[in-house]
Amino acid sequence: SAFDERVLVQVTAPKSGIGTAFAINGNGQWLTARHVVEGCNEVSLLVAPGQYTLARSVVVSERSDLALIETESSPNPALINTNNDLRIGTYGFHVGYPQGRPGEAASRLMARSNLISRGQRSNSESVLAWAETGRTRGLMGSLGGLSGGPVYDEAGNVRGVIVAESARRGRIYTAAPETVANFIKATGADTLGENPRSFSAETYGQEADYARRNLQVVKVACSVEEN
């Protein structure tokens, strides 16, 4: 609504960096955030220690901060739930590679917000705002690099894609369920995850490790040629 919180993000020129992606089926398709891969000359996924595989293609959304990466395979897809049934106070568990290292954060759903992009790209989209309640021991400061990663609910279903954070407010923002559903439909991708593993405030660290170890959640590397 018009009373929803507004979050302003300044979109700068593409540069080399690190983000996160997660598998949505076994056909080599992964979801991530658009700003993680947009403008990259080369996108690759970390599939083993020191071993990256190049993306065959990258499709970015014209309306939201979402993108689809295609590789040869994606062995352990997540189960995605895009139903619009989340309630304030729902627990969320954010998994990925903050600061380029394995890490995760726990949160509770606060509200809907409007993510407004300015700069290299102008856009406005509905997102969910999560209040951070915990994170990996020793992980301090920015969660940059977590972008593109999944937010899991307690049942282990993915409920959104991480697109922004506000370290000052202690909030993490994810693409709204209907935004994710519309993008997946537009790309024609299948969502074929199964056998989700439950998360809790006590176990989310080990469950996040399991998701990364089994290549459900992977590190994304973006390479941009410098002029």
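Helix α2 (177-187), where a helix is a DSSP run of H or I with at least four residues, a strand is a run of E with at least two, and both are numbered from the N terminus, has P177, T179, V180, F183 and I184 as its buried residues, buried meaning under 20% relative accessible area, exposed over 50% and partly exposed in between, with a 1.4 Å probe and protein chains only. These residues lie on the same side of α2 because they cover an arc of only 165° around the axis, the arc being that of the directions from the helix axis to the C-beta atoms. N182, K185 and A186 are exposed on the other side of α2. An α-helix has 3.6 residues a turn, so residues three or four places apart point the same way.

This is a predicted model, in which local features need pLDDT of at least 70 and side-chain atom pairs count only at pLDDT 80 or more, while totals for chains, interfaces and linings use all residues. Residues are numbered from 1 along each chain as its sequence is written, and side-chain values use heavy atoms, with hydrogens and water left out.

On a 1 Å grid over the protein atoms alone, a pocket is an open set of points, where a 1.4 Å probe fits, with protein on both sides within 12 Å along at least five of seven lines, and its lining residues have an atom within 4 Å of a point. The second largest pocket has a volume of about 200 Å³, a volume being the space filled by probe spheres set on the points. Its lining consists of V59, V60, S61, E62, R63, S64, T179, N182, F183, A186 and T187, and the elements that give two or more residues to this lining are β6 and α2. The most comes from α2, with 5 residues.

The hairpin formed by β6 and β7 has 6 residues between the two strands, which run antiparallel and are joined by 4 bridges, and V59 stands opposite L68 in β7. Two strands count as paired if DSSP finds at least two bridges between them. Strand β7 (residues 67-70) is also joined to β3 by 4 bridges, again in the antiparallel sense, with I69 in β7 as the bridge partner of W30. Strand β3 (residues 29-32) pairs in turn with β2 (residues 17-23), antiparallel and over 2 bridges, and here L31 in β3 is the bridge partner of F22.

These strands belong to an open sheet of 7 strands, in the order β5-β4-β14-β2-β3-β7-β6 and with antiparallel pairing. Its edge strands, β5 (51-54) and β6 (57-60), each pair on one side only.

Beyond α2, the loop between α2 and α3 holds L192, which counts as partly exposed because its relative accessibility is 47%. The C-alpha atoms of L192 and I80 are separated by 8.3 Å, although the two residues are 112 residues apart along the chain.

Helix α3 (residues 204-213) has Y204, E207, A208, A211 and R212 as its buried residues. They cover an arc of only 140° around the axis, and therefore lie on the same side of α3. The face of α3 turned away from this buried side carries the exposed residues Q206 and R213. After α3 comes L215, whose phi is positive, near 60°.
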